[in-house]
Amino acid sequence: MRLENRTVKLKDGRPCLLKSPAEEDAEEMIVHLRQTSGETDFMARYEDEIRITPDEEKRYLSGLLADPRSLLITALIDGRVAAAAGFNPVSPNEKYRHRAVFGISVKKAYWGLGVGSSVLEAVIEAAKAAGYGQLELEVVSDNERAVALYQKHGFIIYGTRERSFLLRDGSCRAEHLLLLKL
């Protein structure tokens with residue numbers, strides 16, 4: 001699925017272009033994923049666990065554009081990827097057709113500017129257009145900024161999975177399970 005390009009205005013007045021990444025964006029998408037994974041323990045993987053090649057990422061991005069039930073959006077500020085977000089079906093099975101899983105990553109330098117809200121609003125709109133009935137995600141329970149963002153947009157916490165993340169330092173983090181009825 002492809003998002004029609006649109007420009008939003010951030011809290012600091014800068015324009016931010018929301019668009020679907022294409023094959024030519026593969027290397028920058030990998031850089032973004034590595035950077036955001038290295039900036040916080042709230043991401044699902046460590047920076048050094050991202051081993052995807054540019055060719056693999058190109059195939060992935062091409063597949064997303066061709067899939068009417070999946071979407072990836074990037075937020076570009078000054079021509080550079082500041083955030084990425086998207087959704088995929090929970091399962092291809094009919095009984096799960098109404099459910100999509102959602103994910104987002106925002107570079108730390110852009111936190112607090114409204115990038116996350118802008119991308120999330122576009123994702124919600126596209127998920128409705130794709131025929132989904134709900135968006136779901138998991139978020140580290142002490143990621144207060146993210147929890148507040150999701151709740152601001154109507155997500156509800158319906159459970160908590162204790163000891164969900166095991167960090168390299170041996171500590172554990174719980175994850176909230178959230179959903180948004182569309």
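Reader: Why does D78 count as exposed?

Author: The relative accessibility of D78 is 61%, and exposed means over 50%, buried under 20% and partly exposed in between, with a 1.4 Å probe and protein chains only; therefore D78 counts as exposed. This is a predicted model, in which local features need pLDDT of at least 70 and side-chain atom pairs count only at pLDDT 80 or more, while totals for chains, interfaces and linings use all residues. Residues are numbered from 1 along each chain as its sequence is written, and side-chain values use heavy atoms, with hydrogens and water left out.

Reader: Where does D78 lie, and what is its phi?

Author: D78 lies in the loop between strand 3 and strand 4. Its phi is positive, at about 55 degrees, although D78 is not a glycine. Strands here are DSSP runs of E with at least two residues, helices are runs of H or I with at least four, and both are numbered from the N terminus. The two strands form a hairpin with two residues between them.

Reader: In which sense do strand 5 and strand 6 run?

Author: They run parallel and are joined by three bridges. A100 stands opposite L135 in strand 6, and R99 has Q134 as its bridge partner there.

Reader: Why is strand 4 called largely enclosed, and how many residues of strand 6 are buried?

Author: Seven of the 10 residues of strand 4 are buried, so strand 4 is largely enclosed by the rest of the structure. In strand 6, six of the seven residues are buried, and the strand is mostly covered.

Reader: Why does Y96 count as partly exposed?

Author: Y96 has 35% relative accessibility, and therefore counts as partly exposed. Y96 is placed in the loop between strand 4 (80-89) and strand 5. Together with V90 and V101, Y96 forms a nonpolar patch on the surface, with about 220 Å² of accessible area.

Reader: Why does R163 count as exposed?

Author: R163 has 66% relative accessibility, so R163 counts as exposed. R163 is found in strand 7 and has a positive phi of about 50 degrees, although it is not a glycine.

Reader: Which residues of helix 4 are buried, and why are they said to be on the same side?

Author: In helix 4 (residues 144-152), the buried residues are A146, V147, L149 and Y150. They cover an arc of only 160 degrees around the axis, which puts them on the same side of helix 4; the arc is that of the directions from the helix axis to the C-beta atoms. The face turned away from this buried side carries the exposed residues E144, R145 and K152.

Reader: What covers the buried residues of helix 4?

Author: The cover includes helix 3 (115-129), together with strand 5 (99-106), strand 6 (134-140), strand 7 (156-166) and strand 8 (172-181). Just after helix 4, G154 takes a positive phi of about 100 degrees.

Notes
Contact = heavy atoms within 4.5 Å. Patch = residues over 30% accessible without salt bridge, like charges linked within 9 Å, V, L, I, M, F, W, Y side chains within 5 Å. Areas by Shrake-Rupley, 256 points an atom, 1.4 Å probe, with all protein chains shown as cover. Salt bridge = Lys/Arg side-chain N within 4 Å of Asp/Glu carboxyl O. Pairing = 2+ DSSP bridges.
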